[in-house]
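Please have the sequence and the model at hand while reading.

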Amino acid sequence: MIPARPPLKSLDDALAELLAFATTLVGIESISTFEADGRVLAQNIVSALQVPPQDNSSMDGYALRCADVAQAVGVLPVSQRIAAGSAGAPLAPMSVARIFTGAPIPLGADAVVMQEDCVLETSDDAQAAGVRVNTLPAPGQWIRRAGEDVKQGSVVLTKGELLTPAALGLAASIGMEFVDVTRRPRVALFSTGDELVMPGAVAPEHMKPGAIYNSNRFFLRALLLRLGCEVTDLGIVPDQLEATVDALKQAAQNHDLILTSGGVSVGEEDHIKPAVQSLGTLSLWQIAIKPGKPFAYGRVDGAHFIGLPGNPVSSFVTFLLLVRPFLLKLQGVEQVAPKSVATKANFDWPKADKRREFLRVKRNAAGGLDLYPNQSSGVLTSAVWGDGLVDNPPGQSICAGDLIQFIAFNEVLG
């Protein structure tokens, strides 16, 4: 009697189970802030100063007292010139200070009037020369207040935060030459399949029947590098049990994760399952998503093992939905789930699947979403043409005009 297959695992349950295995990697590196893009903070960053350090002008113009402008008859003399990086003197009564963007506000001034709202008048009589202000200023206008960006002693970047270009600029603004980050995950990558050929090894016109170029190896490596991983590429492993065991033994040495594509189904030529089980532990999951149902997680000699399906779109989507959050969690990131936004569909999807679907779509000029016509798991063109995925619940058909959940690729590929 053939045993009943276990029920399909929901994506949410699979992700929660996977993340439970992802303990933060041991080891902290202090690296140059210049080199920290995409790394994960291992310690809070606390500011030792306030930013800006003092009130300063956000415009080129004239610093003045609003009350002086209200009382002035004619022009107000220019009593000083203050550039960024210089310190001005207290503002003399009934005068203005020529000031430039970023320059400190002189003591006594309470507003800045941009130069476009003033007229500089010259005269042979020095007493008659000065600035005519053509608008009545409001107190505080065009002044950036001390500490309005960063308060002294405040936490400006938090442990577990993925560093972005803007975050690097913020760290630099408070004088951080170096930042403490978690170490990079070390990942061993290989593909399985006798049908796989590397580009350049065989010309297209000489490809044997059934042979295909190995696309997965290229996008998986690129995705791993974007997530800050150190990648060891072990190439293509033949569909042989002994070769698969040898590759896994090598991959388990000095790596945190072994990532493979292909060979996680139950066919006679799928050797990943017995190979991993001979060296460690393995859980084969059938996940209720489309594309990407077959998925494997296990351990080999202390290294995590994740096996992705061989079809390119299935491998691409399961990496984004499961492997990416896992790798972020290894680096100490807590908020790892991709964000989705409600967006209008400009297509019909009448044949709902019982599994949760991830459809390749592209935003159009009207702000809605267009659907790639071929949603097959082997059509990698759909992932290049599209700029995101529709997260469609099980059994849910879609009509043009419906609001659907959209996950932008720039949310999960950056």
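The structure is a predicted model.

**The six-stranded sheet**

Six strands make up an open sheet with mixed pairing, arranged in the order β16-β13-β17-β21-β20-β18. The edges are taken by β16 (230-237) and β18 (280-286); each has a single partner strand, so one side of each is left without a neighbour in the sheet. From one strand to the next, the twist averages 15°. Within this sheet, β20 and β21 run antiparallel and are joined by five bridges. G298 has F305 of β21 as its bridge partner.

**Helices on the sheet**

Helix α1 packs on the sheet and touches β18, β20 and β21. The direction of α1 makes about 160° with that of β18. Helix α4 (residues 216-226) also packs on the sheet, where it touches β13 (186-192), β16, β17 (257-261) and β21. Between the direction of α4 and that of β16 the angle is about 170°.

**The packing of α1 and α7**

Two packed helices are described by the angle between their axes and the distance between the axes. Helix α1 (residues 11-20) packs against helix α7 (residues 312-330) at an angle of about 30°, and their axes lie 10 Å apart. Because angles under 35 degrees count as roughly parallel, α1 is roughly parallel to α7. The crossing of these two helices is right-handed. On the α1 side, the contact is made by L11, A14, L15, L18 and L19; α7 contributes L321, L322, P325, F326 and K329. Of the residues in this contact, nine are nonpolar, none is polar and one is charged.

**Antiparallel strand pairs**

Strand β26 pairs with both β22 and β25.

| Strand | Partner strand | Bridges | Sense |
|---|---|---|---|
| β20 (residues 294-300) | β21 (residues 303-308) | five | antiparallel |
| β22 (residues 341-344) | β26 (residues 403-408) | four | antiparallel |
| β25 (residues 388-392) | β26 | four | antiparallel |

In β26, I404 stands opposite T343, while I407 is the bridge partner of L389.

**Salt bridges**

Over the whole structure, a search finds twelve salt bridges. One of them joins the side chains of E121 and R132, with an N to O distance of 2.8 Å. E121 belongs to strand β8 (residues 118-121) and R132 to strand β9 (residues 130-133), so this pair ties together parts that are eleven residues apart in sequence.

Notes:
Residues are numbered from 1 along each chain as its sequence is written. This is a predicted model: local features need pLDDT of at least 70, side-chain atom pairs count only at pLDDT 80 or more; totals for chains, interfaces and linings use all residues. Side-chain values use heavy atoms; hydrogens and water are left out. Axes are lines fitted to C-alpha atoms, for helices over the stretch in contact, and angles run from 0 to 180 degrees between N-to-C directions. Angles under 35 degrees count as roughly parallel, over 145 as roughly antiparallel, 65 to 115 as roughly perpendicular and the rest as oblique. A crossing is left-handed if the near helix is turned anticlockwise from the far one by less than a right angle, and right-handed if clockwise. Contact means heavy atoms within 4.5 Å. Ala, Val, Leu, Ile, Met, Phe, Trp, Tyr, Cys and Pro count as nonpolar, Asp, Glu, Lys and Arg as charged, and the others, Gly among them, as polar. Two strands pair if DSSP finds at least two bridges between them. A salt bridge is a side-chain nitrogen of Lys or Arg within 4 Å of a carboxyl oxygen of Asp or Glu.
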